[in-house]
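Please open the model in your viewer and keep the selection panel at hand. The stops below go from strand pairing to charged side chains.

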Amino acid sequence: MKKMLQDIAASAARFADRSAVIDANSFDVTYAELARLSDAIAAKLVARGAKPGASLAYLGPNGTEHIVTFLACLKAGVNHVPINRGFPDDMKRRILTTLDADIIMAPKNDAASLSKAVQIDIPTRADIPPLGHPAFTPA
């Protein structure tokens, strides 16, 4: 995992303005934007109390948001557990109860009814920090 994060950081430095993710159903990001947004989400996870080994249940779209969240989890040392949004609510509740996730990332209207875990919003293009934003540094 460390090697993968190093490779992504190197790509962000070398190909900053090139497309890293192209998603017709969501939003596109460059390598630099991917690095900054995943850093910001990793920092948000840690600020909300996530410790290495914590679990994040992801019930978001299977697009850019998912890739950003996965990278943020790797950076923060958090276990990323994707849950199919198409499952019925009772099945999602059973999975979340069994998982006992520390954090849930889901659309606002879903999260409160599904789990008592700390909720974090699904990242959007508007969440990309400006240039010069400090990179995430794990403790």
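Select strand S3, residues 55-58, together with S4, and you will see the two pair in the parallel sense over four bridges (strands are DSSP runs of E with at least two residues, helices runs of H or I with at least four, both numbered from the N terminus; two strands pair if DSSP finds at least two bridges between them). Within this pairing, Ser55 stands opposite Asn79 in S4. The model is predicted, so local features need pLDDT of at least 70 and side-chain atom pairs count only at pLDDT 80 or more, while totals for chains, interfaces and linings use all residues. Residues are numbered from 1 along each chain as its sequence is written, and side-chain values use heavy atoms, with hydrogens and water left out.

Next, turn to the salt bridges (a side-chain nitrogen of Lys or Arg within 4 Å of a carboxyl oxygen of Asp or Glu), of which the whole structure has four. Select Asp39 and Lys75, whose closest N and O atoms are 2.7 Å apart. Asp39 belongs to helix H2 (residues 31-47) and Lys75 to helix H3 (residues 64-76), so this pair ties together parts that are 36 residues apart in sequence. Both Asp39 and Lys75 are buried (under 20% relative accessible area, with exposed meaning over 50% and partly exposed in between, for a 1.4 Å probe and protein chains only).

Finally, select Asp7 and Lys3, which meet in a salt bridge at 2.8 Å, N to O. Asp7 is partly exposed at 37% relative accessibility, whereas Lys3 is exposed at 53%.
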